[in-house]
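Grab a pencil and work through the exercises below. Try each task on your own before you read its solution.

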Amino acid sequence: MCPMRITNSQAIIVVLSVLILGGVFYFFSANRSYIDKPRGGSAIIAFGDSLIEGVGASSGNDFVSLLARELQMPIINAGISGDTTFSALARIGRDVLSRDPKIVILLVGGNDAIRRYKPADTFRNLEEIITRIHAQRSAVLLLGVRGGLFSDAYKKEFKSLAQKTNVSYVSDILSGVFGRHQYMYDTIHPNDEGYRVIADRIKPILTEMINH
């Protein structure tokens, strides 16, 4: 029996196929969001600042209301305009933990950047908020925000925090919205169309958390 010979072109094709398949596997494994699954609780709570509260949206068109309607389940809106990670940490017991949370949508930190708080303090507060939520066997969906108007000083920190604490995560929730007049109510807050983009971005991950 004659040994099978592989030509140079065939060898190149094999090598390229391995590299491509390996690259595809790496891409999906590296970009697959971790899904934080609740182990207790009953309520879905959106907790954070004016983006949670829905400043800039007409009645019923903030992203929390949009998600509640589309998922056909109540979502408690615990957003307060101007909230920082410091004030959020101070009120988490009253506004989140006392309400038997199952899933907490967490969006806060933008006001820290506006007030030029030290990023180390901001992310230490966020980690403490997540730790306290997890202590109640509740799951967290962390929404990233920009750390500056012209550059995102928070991007690496949010990703690192999400990986460290094993939470579901959506990076830079205003990506593709911020700075585009068709999506913005003012220089900081989205309009109805902008909140629709945000809701569509969150919905698949939140749905998976609910249907774990």
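**Exercise 1: Charged partners**

The side chains of Arg124 and Asp121 form a salt bridge, with 2.2 Å from N to O. A salt bridge here is a side-chain nitrogen of Lys or Arg within 4 Å of a carboxyl oxygen of Asp or Glu. Before we go on: this is a predicted model, where local features need pLDDT of at least 70, side-chain atom pairs count only at pLDDT 80 or more, and totals for chains, interfaces and linings use all residues. Residues are numbered from 1 along each chain as its sequence is written, and side-chain values use heavy atoms, leaving out hydrogens and water.

Task: Work out where Arg124 and Asp121 lie, then find which parts the pair Lys164 and Glu127 ties together.

Solution, step by step:

1. Arg124 and Asp121 both sit in helix H6, 3 residues apart, which is about one turn of the helix. (Helices, H or I, are DSSP runs of at least four residues and strands, E, of at least two, numbered from the N terminus.)
2. Now take Lys164 and Glu127: their closest N and O atoms are 3.2 Å apart, and they form a salt bridge.
3. Lys164 is in helix H7 and Glu127 in helix H6, so this pair ties together parts 37 residues apart in sequence.
4. (Buried means under 20% relative accessible area, exposed over 50%, partly exposed in between, with a 1.4 Å probe and protein chains only.)

**Exercise 2: Two rings**

Task: Describe how the rings of Phe123 and Tyr154 are arranged, and decide whether Phe123 is buried or exposed.

Solution, step by step:

1. Start with the rule: rings of Phe, Tyr and Trp (its six-membered ring) pair if their centres lie within 6.5 Å; planes under 30 degrees apart are stacked, over 60 edge-to-face, and the rest tilted. That gives 5 aromatic pairs.
2. Phe123 and Tyr154 have centres 5.1 Å apart and planes at 90 degrees, so by the cut-offs they are edge-to-face.
3. Phe123 counts as buried at 9% relative accessibility, and Tyr154 is buried too, at 2%.
4. Ring pairs also bring in Phe158, making a cluster with Phe123 and Tyr154.

**Exercise 3: A strand residue**

Task: Find where Val170 lies and which residues Val170 touches beyond its sequence neighbours.

Solution, step by step:

1. Val170 belongs to strand E5, residues 168-170, and counts as buried at 6% relative accessibility.
2. Leaving aside neighbours within four places in sequence, Val170 is in contact (heavy atoms within 4.5 Å) with Leu141, Leu142, Leu143, Gly144, Arg201 and Ile205.
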